[in-house]
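I opened my notebook to look up a few things in this structure. Here is what I went through, entry by entry.

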Amino acid sequence: MGPVELLHMSVFSQSFSPCGRFLAAGNNYGEIALFSLSAALSPDASEASQKPILNFTAHDGPVFSLLSTDTHLLSAGNGEISAWSWAELIKKSTKAAWTRKPSYETSLEIPEINAMIINPKDNSLIVGGGDNNIHIMDMETGIFKSVLKGHTDYIHCLCFKEREEEILSGGEDGAVRIWDSRTNRPVHCIEVFKYEECARPQFGKWISCLATDSDWMLCGGGPSLSLWHLRSMSPTSVFPLPGCQREAVFHQDLIMSVGEGPYVSHCLHGGTVKAQIPCTPSSLNTLALNLKNTEHRVMTVGGSSHQIDVFTNFSYRAFSLSF
């Protein structure tokens with residue numbers, strides 16, 4: 001890849017292998033890079049161990065979303081999802097196990113797929129993106145069995161609330177919609193931008209990040225990142241982060257968030273920003289926590305750079321992997 005492509009590279013998505021020893025990352029050129037975390041984290045790691053062990057083109061357009069199952073890495077591009085066997089990838093074989101396309105109403109535009117999650121209760125894949133709808137695929141048969149309609153603009157993000165078996169979706173229309181995955185019916189719709197304490201009309205109303213932890217939800221984008229109590233359907237904390245947030249996660253007693261700006265924000269549930277940890281990219285798209293095994297426990301963040309920052313201690317950047 002030439003210097004110009006490297007200069008304009010953005011990392012959009014990442015996912016850890018089921019064993020926690022590898023990291024897959026997807027970029028705006030449709031490529032997936034596979035990194036060996038065990039090599040990069042070993043005491044005798046060299047510069048070479050921060051480079052991919054494998055790099056291949058998976059889609060024509062950007063790799064907007066990556067997700068790991070027990071056996072496969074799923075990647076989503078424009079209108080299609082491909083599955084790659086982790087066992088084969090580790091052997092450096094890059095033949096897709098399968099590729100599926102949701103059934104779209106129009107064949108003229110190919111909508112991007114921005115988000116994918118697994119419903120662990122029935123092993124279905126839930127996808128959302130550019131056609132404003134949520135498509136649900138049975139992982140056993142590969143058949144798309146249902147479509148959830150309600151958003152009036154494209155879907156940015158999805159998460160799953162296990163206890164209630166609810167799907168949460170956030171979109172460009174400014175709504176967080178909550179669906180019952182057993183009946184596929186809508187349960188609630190929260191228009192975050194209508195709450196004065198969250199609204200930032202100068203940035204727009206779109207919701208770009210969502211996360212849940214039992215009765216709590218995080219959401220943000222155009223509106224400020226906010227923490228909601230889902231039983232009372234009200235925002236309990238609003239975080240004073242200046243830019244639009246693109247990914248936020250709950251981790252122990254902290255909320256970690258990335259978006260516009262070269263840092264990971266550590267926030268307390270009460271609404272204070274405790275720390276902002278500097279990162280290499282000037283703007284960030286994706287944050288992932290590898291908590292599967294203690295040996296490779298890291299946080300990785302990627303954005304407007306060919307470099308992915310790795311944090312072994314969440315308070316400072318240890319090193320960067322590079323595409």
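**Arginine 21**

I began with arginine 21 and set aside its neighbours within four places in sequence; its contacts (heavy atoms within 4.5 Å) are then Phe35, Ser36, Leu37, Ser38, Asn293 and His296. I noted that this is a predicted model, in which local features need pLDDT of at least 70, side-chain atom pairs count only at pLDDT 80 or more, and totals for chains, interfaces and linings use all residues. Residues are numbered from 1 along each chain as its sequence is written, and side-chain values use heavy atoms, with hydrogens and water left out.

Where does arginine 21 lie? I found it in the loop between strand 1 and strand 2. Helices (H or I, at least four residues) and strands (E, at least two) are DSSP runs, numbered from the N terminus. Arginine 21 is partly exposed, with a relative accessible area of 38%. I wrote down the cut-offs: buried is under 20% relative accessible area, exposed is over 50%, and partly exposed is in between, with a 1.4 Å probe and protein chains only. I then looked along the chain to glutamate 295, 274 residues from arginine 21. Their C-alpha atoms are separated by 8.8 Å.

**The whole protein**

Next I looked at the overall build. I listed three helices and 28 strands. The radius of gyration is 19 Å, close to the 20 Å of the globule rule for 323 residues, so the protein is as compact as a globular protein of that length. This radius is taken over C-alpha atoms, and the rule is 2.2 Å times the number of residues to the power 0.38. The C-alpha trace spans about 50 × 45 × 35 Å along its principal axes.

I checked burial too. Of the 323 residues, 55% are buried. The protein exposes about 13800 Å², and carbon and sulfur atoms supply 49% of that. These areas come from the Shrake-Rupley method with a 1.4 Å probe; for residues, only the protein chains shown count as cover.

Then I turned to contacts along the chain. Among those with a separation of 6 or more, 45% join residues 24 or more positions apart.

I also looked up the charges. There are 24 positive and 33 negative side chains, and the centres of the two sets lie 3 Å apart. Lys and Arg count as positive, Asp and Glu as negative; His and the chain ends are not counted. Each charge is placed at NZ of Lys, CZ of Arg, CG of Asp or CD of Glu.

**The cores**

Which residues have the most contacts inside the largest nonpolar core? They are Phe16, Leu23, Ala25, Phe35, Ile308, Leu321 and Phe323, in a core of 16 residues. At least two residues come from each of strand 1 (11–16), strand 2 (22–27), strand 3 (31–36), helix 2 (37–41), strand 27 (307–311) and strand 28 (319–322). Another core, of 15 residues, lies apart from it and includes Leu168, Ile178, Ile207 and Leu230. I noted that a nonpolar core is a set of buried Ala, Val, Leu, Ile, Met, Phe, Trp, Tyr and Cys residues joined through side-chain atoms within 4.5 Å.

**Two serines**

Serine 10 sits in the loop between helix 1 (3–7) and strand 1. Is serine 10 buried or exposed? It is buried, at a relative accessible area of 16%. Not counting residues up to four places away in sequence, serine 10 touches Gly26, Asn27, Asn28, Asn285, Gly303, Ser304 and Ser305.

Serine 224 is in the loop between strand 18 (216–221) and strand 19 (226–229). Its relative accessible area is 9%, so serine 224 is buried. Beyond its neighbours within four places in sequence, I found serine 224 in contact with Cys198, Arg200, Cys219, Val238 and Phe239.

**Aspartate 253**

I found aspartate 253 in the loop between strand 21 (245–251) and strand 22 (254–259). Aspartate 253 is exposed, with a relative accessible area of 56%. Not counting residues up to four places away in sequence, it touches Cys267, Leu268 and His269.

**Positive phi**

Most residues other than glycine have a negative phi. Lysine 92 has a positive phi, near 70°. Lysine 92 lies in the loop between helix 3 (86–90) and strand 8 (98–100).
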